[in-house]
Amino acid sequence: MSDRSQLIETGKPFAFDAQRDAEFERLVKRYPTRESMILPSLWLVQEQEGWISAEAMAYIADRIGTFPSMVYEAATFYTMYNLQPKGKTHICVCRTLSCYLLGKQEIVDYLKQELGIKPGEVSADGQFSLEEVECLGHCGTAPVVQVNGEFYEDMNVAKLKELLATLK
Amino acid sequence: MAEKVKLFVNGQEVEVEAGKNLIDAFGAVGIEIPHLCYHPALGADGNCRMCLVGIEDGRPPLVPACKTKVAEGMKVQLDAEKIKKIQRDIMELELINHPIDCPICDQAGECKLQDYYMRYDGKPSRMTVKPVLKAKKMDFGCDVVHDQERCVLCARCVRFTRLVTKTGELGIVNRTDYARVNIFPGRPLNNRYALNVVDLCPVGAMTSRDFRFKQRAWFLTKSPSICQGCSKGCNIFIDHNREKYKDDVIYRFRPRLNEKVNGYFMCDEGRMTYKQENDNRLIAPQVNGREAGFAEAIEAVRRAISGATKTAVLVSPNASLEQIFSIRQFAASINAALSGYSDGYIKAGDGDDFLIQDDKSANRAAFTLLNIDDSKAGFDAAINGADLLINFQNDLGRSLAEDQLASVLANAKLIAISSAATGCTAKSAVAVPVASYSEDSGSLINCDGRLQRYEIAVAKNQPLKSLIEVTNLIGGEIANNQEARAGLQAAVAVLKDIDLEQIPAEGIALTESEVAHVAA
C-alpha cells in the first residue's frame, strides 16, 4: 500500500461517452440507492480513459448526486482503480501467495530488466506500465500475468519472452 | 421523568435512564466508558473499538457499548482483565503512528488520546519501525487547520459534514495505515458551522486557525454563558484567562450542550463574536470629546437630562430583560419617549434552518414582552422635536446611514451609554462606558421564546459599572438585577409564575401564544 491521495487534475472537464452514458443509465436501475453506482461508475471511467482523474471523480459525484469526497474515498481505497495514466500495454503480475511461491519474483525481475521500469511506473515512451497486484483468482495456474486485462497463466521467463516479443 | 432501568455494572446494581446506549446512560451516572468515534450528535459508528464491553448473557464475548442499548437486568462487565487488555491494545494501535507532539499540540490538556493513555494504557511504546509520515498544517478552509498525523480516524468530522451540515467536504482516503482525512482537491470546507469539527475532534488533528498556539487549555477558565451573535441564543462556554500582570481576556467561545436550543453546536460567526468582547471597547468616559472622570460624566448626563425639553431614549435589542425593564422605567420617570429601533441588526435572508437567524440581536423578543416599539416610525416620532437622545448600547450606525444619523444629531444632543466604541460613541456629547455581557449577568429571550440566563464570566482588572447601575446613577429607580426581576414579575403577566432568580440550565419556554397575548 502507498499513499494514493494525490489526485491528478487534467484541467479539462470529463464526461462519459455515449456508450458509457448508456451503460450508466442501464446500471443505475439495478441498485436501491444511487450511491451504489460509485464503484461501477469508476470502472466505466477506467474503461473509457484507462485511468481516473480528479475531474472524472467530480463528474461521477455530480452524476450520482453524492459528495466528491465519497467518490474520492472509494477510488483511493481500491487499488484496482488507476489514479494515474498507464502505459499502452499495462502488465499486472500477481504477487499473492500461490504466485509468490511459484516464482512471481523471477517474472517481475525479468520485466523490470526488459522494460526498464519498476512496478508502479510507466516507461518513458508510454508503451509499457508494470504493476504488482493482489490475487487475480487463478491460483491453480500460478504464476499469473495479466496484460491489458487478459490472463496468461502458468507463466515463466521463457513464455514471457515470447509474449513480450508479440507486444513490442 | 425519563424511564429508568436497573442493571448491573461489574456486579453492582445501578439505575440508569432507559432507551439510551451504554456510553450515554452510564456517563450520566458518572461511569466512564472510553470512546473515540462515538458522539451523541453523530450517532454510533463503531469504528474505534475503544468502547468494547462484556455482557454476560450469551452474546458475543465483547460488544461495542455505543451500539448497545441498556436493558433491565443486563450484566455489564467493564473491569475484566480481557476488557482492560483490549483498551490497552487499542491505545497502542492508535499511538503507533501518532506523533507525540503534545508539548506543541493545542489539544493537550483536553485530548482524549492523552486522557485515555493515562487512564487505560500507560505502557511504553514497543514500536521500532519508522512511523508513517503524513501531511501537517493542511488548510482545510473555513480557518480549520488539519494535521493528518495526529488523526485517529474516528470520522467524527467526516460524519459531521455529511450528517449535520450535509455539505460532505471531508472524507477518509486511502486505507490501512495510509488512511487519512482529506478534502477533495479544490473543494475545501465551505459551510458556516465548519469550526465545530475542531470541538468534535477528540485529538489535536483539527485546530482553529484563530485559536491555535494562543493558550494552553489548562490555563483557560471555562465559564458558561449565552452567545449574543444572533437571536438563537446558543449556549456557550466563554474560555478566558488572566495572564500574569495582564487583564482577563477571552480566547474563544465553544458551544455548550443545550438540547432545547443549540444541541452540541454553534455557528462560526457566533464563535468569533468573542473578539467584540475584547476589542473596540469603550473604556474611558468622555465629555464633549475629551476623556473625563466617571463622576463628571454622570453629572454631565444628569445636567443634560434636567436641561432637556424633550428626551428620547433608545435601547438596544441586545440588552438583557432586566436592563430593558430598568431603562423602560427610567424613560417613563423622565417622560422620555422610548424606542428600540434597530433595523440594522436584522440581516434578512441570512438565517438558515439550523441555528443561524436573520436577527443578529439577542433579545428582541423582550421588546415584544415589554411593549417596546422598534419600528422606524416609532423612532422618528420619538426623536421628532427632541433635543436629547440617550442611547443605551444601541449601535445606531447599523440602522441609519451617515447622513440620516447626522440629521438626527443636528437637533438632538447624544448621550451614549455603551460597552463598545462605535460611531455613535464618537459622535456623542457624553459617553459612559458600561460592562459588556461577558462581564454582566442577565436574562435573554431567544427567537423561540425561551428565557435563558447568563452569569458574569469575565472579571476585568478595572471592572466597568453595569448598565443597570449606570441607569440608576443617572436617575433610574432600579439599582440591580434583583430589583429589576421583582419589577418584571409584577409588571409582566407571563413572568408572574416564573422564579426569575432560578432559571434552569435549559432555560424556560415562554410559549409564543403567551408572549403574543401579553403584547396584545
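Q: Which residues of α9(B) and α15(B) meet each other?
A: In this predicted model, B:Leu321, B:Glu322, B:Phe325, B:Ser326 and B:Gln329 are the residues of α9(B) that take part. On the side of α15(B), they meet B:Asn481, B:Ala484, B:Arg485, B:Gly487 and B:Leu488.

Q: What classes of residue make up that contact of α9(B) with α15(B)?
A: The contact has 4 nonpolar, 4 polar and 2 charged residues.

Q: And at what angle do the axes of α9 and α15 of chain B cross?
A: The axis of α9 (residues 321-333) crosses that of α15 (residues 481-491) at roughly 75°, and the two axes come within 9 Å. An angle from 65 to 115 degrees counts as roughly perpendicular, so α9(B) and α15(B) are roughly perpendicular to each other.

Q: Stepping back, into which domains is chain B divided?
A: Chain B has domain 1 (4-79), domain 2 (102-208), domain 3 (220-274) and domain 4 (286-519).

Q: How many residues of domain 3 of chain B are in contact with domain 4 of chain B?
A: There are 22 from domain 3 of chain B, in contact with 24 residues of domain 4 of chain B. On the domain 3 side, β11 (221-226), β12 and β13 of chain B are the elements that give two or more residues. The most come from β11(B), with 3 residues.

Q: What is that side like by class, and what distance separates the centres of the two domains?
A: The side of domain 3 of chain B that touches domain 4 of chain B has 9 nonpolar, 9 polar and 4 charged residues. Taken over C-alpha atoms, the centres of domain 3 and domain 4 of chain B are separated by 22 Å.

Q: Staying with chain B, where does B:Tyr245 lie?
A: B:Tyr245 is in the loop between β12 (235-242) and β13 (248-255) of chain B. Its phi is positive, near 65°, in a residue other than glycine.

Q: Is B:Tyr245 buried or exposed?
A: B:Tyr245 is exposed, because 6 other C-beta atoms lie within 10 Å, and 12 or fewer count as exposed.

Q: What about B:Leu153, where is that found?
A: B:Leu153 sits in the loop between β7 (144-146) and α4 (156-164) of chain B. B:Leu153 is not a glycine, although its phi is positive at about 60°. It counts as partly exposed because it has 18 C-beta neighbours inside 10 Å, whereas a buried residue needs 20 or more.

Q: Turning to chain A, into which domains is it divided?
A: Chain A is divided into domain 1 (18-77) and domain 2 (89-167). A distance of 28 Å separates their centres, taken over C-alpha atoms.

Q: Which residues of chain A does a cis peptide bond join?
A: The bond joins A:Ala142 and A:Pro143, with omega at about -5°. A:Pro143 lies in the loop between β2 (128-133) and β3 (145-147) of chain A.

Q: Lastly, how many residues of chain B are in contact with chain A?
A: 17 residues of chain B are in contact with 16 residues of chain A. On the chain B side, β8 (170-173) and β9 (180-183) each supply at least two residues, and β8(B) has the largest share, 4 residues. By class, this side of chain B has 7 nonpolar, 5 polar and 5 charged residues.

Methods
Residues are numbered from 1 along each chain as its sequence is written. Chains are lettered from A and ligands numbered from 1 in the order in which they are written. This is a predicted model: local features need pLDDT of at least 70, side-chain atom pairs count only at pLDDT 80 or more; totals for chains, interfaces and linings use all residues. Domain bounds come from an automatic or database domain assignment. Two residues are in contact if their C-beta atoms, placed from the backbone, lie within 7 Å. Ala, Val, Leu, Ile, Met, Phe, Trp, Tyr, Cys and Pro count as nonpolar, Asp, Glu, Lys and Arg as charged, and the others, Gly among them, as polar. Axes are lines fitted to C-alpha atoms, for helices over the stretch in contact, and angles run from 0 to 180 degrees between N-to-C directions. Angles under 35 degrees count as roughly parallel, over 145 as roughly antiparallel, 65 to 115 as roughly perpendicular and the rest as oblique.
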